[in-house]
Amino acid sequence: MSTTLKSARPLFEGADWEFSTVQRCHDAIQEIAVGEMGLCVYPNQIEVIGTEQMLDAYSSIGMPLFYKHWSFGKHFARDEAMYRAGMQGLAYEIVINSNPCISYIMEENSATMQTLVIAHAAFGHNHFFKNNYLFKQWTDADGILDYLEFARDYVLQCEEKYGETAVETTLDAAHALMSHGVHRYPRARATNLRMEEKRERERRLHDEQVFNDLWRTLPGKAATRHDPTALERRRALLQLPAENILYFLEKSAPRLAPWQRELLRIVRQVAQYFYPQGQTKLMNEGCATFVHYKIMNRLHEKGLLTDGAMVEFLKSHTNVVFQPDFDDRRYSGINPYALGFAMMQDIERICIEPTAEDRQYFPDIAGTEDAMAVLRDIWANYRDESFILQYLSPRLIRQFGLFHVHDDGDAPSLKVRSIHDDTGYRDIKRTLARQYDVGWSTPDIQVVDVDLAGDRKLIVHHRVLNKILLNENDARMVLQHLADLWGYDVLMREIDATSDTVLKEHTISPRPGAFG
Amino acid sequence: MHIVDRRLNPGGKSLANRQRFIRRARATITKSVHEASGGRSIADSDSGGELVLPAQGVREPSFHRAASGGIRDYLLPGNKEYVVGDEIPRPDNGGGGNGPDASQDGAGDDEFRFALSRDEFVDLFLDDLELPDLAKRRVANVENVSYERAGYSISGSPTNLALMRTVRNSLSRRIALHRPKPEELEALRTEIETLPQGERRRALEEELARKQRRTMLIPYIDPLDVRYKRFNAVPKPVAQAVMFCLMDVSGSMTEHMKDLAKRFYILLYIFLKRRYKNVELVFIRHTHVASEVDEDTFFHSPETGGTVVSTALEEMRRVVLDRFDPSAWNIYAAQASDGDNTASDNERTAKLLVDTILPACQYFAYLEVGRDIEHFPPGFIRRNSDLWQTYEAVVKAGAPLAMRKVGHRRDIYPVFRDLFARKIGSEAAA
């Protein structure tokens with residue numbers, strides 16, 4: 001494919017770089033990424049930072065500005081100690097899903113690494129952020145920085161008005177519930193007048209179309225109007241059951257002050273903003289790694305990268321996509337870079353040179369030639385779970401040597417369920433996809449009932465999957481926070497999802513004077 | 001595309017978070033600081049360093065599943081020999097399958113490791129402590145001044161001439177009075193040279209003469225312009241202190257007792273270091289004779305002999321007279337002993353202490369180190385030692401002497417705090 005003549009001058013030689021180098025690299029990459037690969041990205045903003053600033057960014061989950069809280073100080077202290085002791089290196093880059101897309105690059109990077117980082121973050125991640133449906137649905141790239149600025153100032157004002165301790169207690173509690181402060185499904189948007197009219201019109205039209213006078217002659221049933229019980233009525237009123245606990249507290253907790261509700265809202269918004277990132281880790285990294293690999297190779301083909309730079313890049317690249325085996329000392333789960341990159345490359349291969357097996361498993365894409373179009377479509381419309389379920393090919397399963405081990409807590413030993421053979425592919429695909437499904441990985445906890453007119457005891461259910469209970473110690477601490485926010489007793493039942501039997505109950509009372 | 005250089009942005013963005021964290025974890029950190037300080041030598045005991053905290057105090061809980069039990073499925077890479085139906089014995093570590101779940105469940109680490117800066121370390125170490133009132137009064141009386149810049153004055157010594165300010169004044173005066181500039185005169189002169197004799201030339205010559213006269217009348221620098229840097233004399237407390245470590249090293253002092261004494265000295269040293277820029281250390285050890293030694297010899301070199309406490313006090317008096325004039329030095333002394341003293345020496349010791357040592361000192365602490373209390377058989381009541389009785393009499397007579405008993409390592413810090421704790425109402429008195 002690559003018949004381009006070598007251009008006369010590489011972008012840079014040696015490890016040193018300056019701003020003009022970065023600019024040159026960016027332009028050359030943009031030509032390939034947008035021109036040849038058809039990526040669609042937010043405008044880029046590249047910020048050069050030092051070590052301490054990178055540590056700063058680490059501790060505030062990568063965001064350039066954030067409200068103040070001790071837990072960020074804790075993470076900073078730990079990262080700093082690990083870094084100083086040489087136990088942990090720093091990332092080469094951090095990229096923020098905003099418009100313009102901000103990428104931080106480290107000043108210590110060599111020119112090759114800067115090129116790699118720009119290709120990876122400023123084009124790979126950037127394209128994914130802009131096009132993936134989850135990010136489109138859940139995050140507001142245009143407004144996030146403004147919102148964070150508002151959040152920081154608001155928290156600061158609250159600290160001045162109500163004292164640091166009161167703010168800290170509220171934020172602690174909100175952080176503890178952060179994992180259950182997201183809407184997992186898009187809610188029905190509040191209807192406006194025009195929508196309402198349109199719907200009404202359509203309904204009438206439908207009635208007219210299906211009108212049949214015969215129906216009028218049928219004898220009516222005896223009055224079966226359903227009379228909702230008091231329980232159902234009050235649950236409907238509070239929109240229960242609610243899985244977004246922070247949202248529920250913000251709207252319904254009886255004893256919170258308005259500023260506390262606003263703090264809950266801030267934490268909830270931040271959690272929601274990061275919600276898609278947890279569901280697309282594999283795809284996001286796979287996309288970015290695939291993009292940087294493509295781009296670096298093209299740059300080299302065009303003669304814009306020296307051979308030395310290419311070797312440096314390949315060394316770093318192979319480190320990133322290394323997948324240790326399960327019995328390796330270095331094994332710590334499946335490396336999203338490795339699997340993601342391998343899957344993207346595999347899809348490209350299936351598009352261009354499919355085997356008979358591929359044609360059988362992927363009739364839609366096998367042999368379609370335009371691999372980039374297929375990949376762009378996949379990047380836009382899948383998340384990790386559905387992506388694996390759809391596109392993990394038997395060939396990759398063999399290549400990674402994936403196997404499924406089943407662990408029944410009551411059985412004396414673990415059992416191998418399936419391996420990389422014809423009967424096992426489907427099971428392996430399903431099991432792996434499930435590992436990436438947030439529905440399975442975060443416990444299903446919902447607020448089910450509260451009697452606001454009575455004792456106001458909040459009842460929370462955990463639907464226990466596969467008999468795995470909550471970590472009790474942590475759960476009690478979180479429940480304590482929940483009780484403090486709610487202001488009255490909280491009862492949690494852990495209920496087995498298959499048999500509906502109650503496995504465990506915790507009751508927690510609020511600490512007196514925790515708030516207010 | 002924009003490239004922004006953020007390296008020059010002010011650092012310490014996370015300082016506020018760090019302070020919040022330290023305040024939050026204060027109790028735990030303080031405890032760790034005291035444990036960490038045990039193993040260091042006196043002189044570098046306040047250099048900050050790495051701390052290990054139990055993670056419990058600063059835990060961030062969340063709802064997550066337990067790490068063991070239930071039905072689990074693992075998908076692992078790198079199969080080599082397994083086929084469907086193979087049984088794998090359960091690994092020992094709590095039912096995790098080949099250990100992949102530990103990281104997935106975020107079970108977290110039990111310890112939390114991070115580094116404290118020197119100032120943070122010492123702050124926590126000496127939280128709530130302050131020098132006794134006695135010392136404060138003495139410090140305030142000391143006649144010692146330093147000079148601080150305080151604006152400008154119109155008179156002063158030539159060495160203090162504020163050149164910039166003077167020239168600035170002169171410039172503004174020259175502008176205000178329209179003193180001709182040298183370039184103007186020069187330009188006029190050249191113009192005159194080029195002109196032929198005549199009306200115009202004469203007019204210019206007059207103008208030149210007028211300007212030259214003006215230049216003469218308005219000086220370049222007038223005495224009015226001159227300014228001098230002004231200094232204010234600020235009385236300053238003596239910023240140096242000397243700390244005397246006195247210790248009985250006779251055979252009856254065990255390693256355990258020496259260790260206790262050392263810990264107390266460390267605390268005192270750090271505390272003084274916090275208040276004074278310059279802290280000297282003097283080590284005096286004694287048996288039946290006393291001598292000044294270096295730190296290493298002081299703690300580690302064994303010595304045999306009887307016990308005559310007054311020799312140490314005598315030696316201290318000699319060193320003070322020799323090198324540390326009480327009007328220029330803040331003198332602190334800490335004496336550690338197991339309480340033995342030759343009976344005939346007690347009276348002499350008390351007299352020496354009251355007459356010469358105490359008046360010269362800011363603070364004198366006597367620390368009686370004993371064996372680990374737990375080693376005594378139950379019901380055993382210890383008789384007060386000779387030295388304790390002697391000093392007790394001195395204290396009863398109203399002398400400013402602090403004395404405590406310490407039997408175990410863990411008592412050192414409480415005793416130290418007790419000696420220096422901020423007394424309620426002392427602020428009002430100050």
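This is a working chat about a predicted two-chain model, chains A and B.

Reader: What are the ground rules on numbering and confidence?
Author: Residues are numbered from 1 along each chain as its sequence is written, and chains are lettered from A and ligands numbered from 1 in the order in which they are written. The model is predicted, so local features need pLDDT of at least 70 and side-chain atom pairs count only at pLDDT 80 or more, while totals for chains, interfaces and linings use all residues.

Reader: OK, the interface. How many residues of chain A are in contact with chain B?
Author: 77 residues of chain A contact 56 residues of chain B. Contact means C-beta atoms, placed from the backbone, within 7 Å.

Reader: Which helix gives the largest share on the chain A side?
Author: Helix H3 (residues 70-84) of chain A, with eleven residues. Helices here are DSSP runs of H or I, at least four residues; strands are E, at least two; both are numbered from the N terminus.

Reader: And by class?
Author: The side of chain A that touches chain B has 32 nonpolar, 28 polar and 17 charged residues. Ala, Val, Leu, Ile, Met, Phe, Trp, Tyr, Cys and Pro count as nonpolar, Asp, Glu, Lys and Arg as charged, and the others, Gly among them, as polar.

Reader: Which strands pair between chain A and chain B?
Author: S1 (residues 44-49) of chain A and S1 (residues 2-5) of chain B, parallel, over four bridges. Pairing needs at least two DSSP bridges. A:Glu47 has B:Val4 as its bridge partner.

Reader: What does A:His75 touch?
Author: A:Tyr58 and A:Ser59, leaving out residues up to four places away in sequence. A:Tyr58 is 17 residues off in sequence and 7.9 Å away, C-alpha to C-alpha.

Reader: New topic. How do H4(A) and H13(A) cross?
Author: H4 (residues 111-131) and H13 (residues 281-301) of chain A have axes that come within 8 Å and cross at roughly 135°. Axes are lines fitted to C-alpha atoms, for helices over the stretch in contact, with angles from 0 to 180 degrees between N-to-C directions. The two helices are therefore oblique. Under 35 degrees is roughly parallel, over 145 roughly antiparallel, 65 to 115 roughly perpendicular, the rest oblique.

Reader: What classes make that contact, H4(A) with H13(A)?
Author: Ten nonpolar, seven polar and no charged residues.

Reader: How does H4(A) pack on H14(A)?
Author: At about 60°, with axes 9 Å apart; H14 of chain A covers residues 307-320. That makes this pair oblique too. A:Thr112, A:Met113 and A:Leu116 of H4(A) meet A:Ala309, A:Glu312, A:Phe313 and A:Ser316 of H14(A).

Reader: Now the sheet. What is the order of the four strands in chain A?
Author: S6-S7-S8-S9, open, with mixed pairing. S6 (444-450) and S9 (502-508) are at the edges with a single partner strand each, so one side of each has no neighbour in the sheet. S6(A) and S7 (residues 458-464) of chain A are antiparallel over six bridges. A:Ile445 bridges to A:His462 there.

Reader: Which helix lies across S7, S8 and S9 of chain A?
Author: H22 (residues 472-486) of chain A, at about 50° to S9(A).
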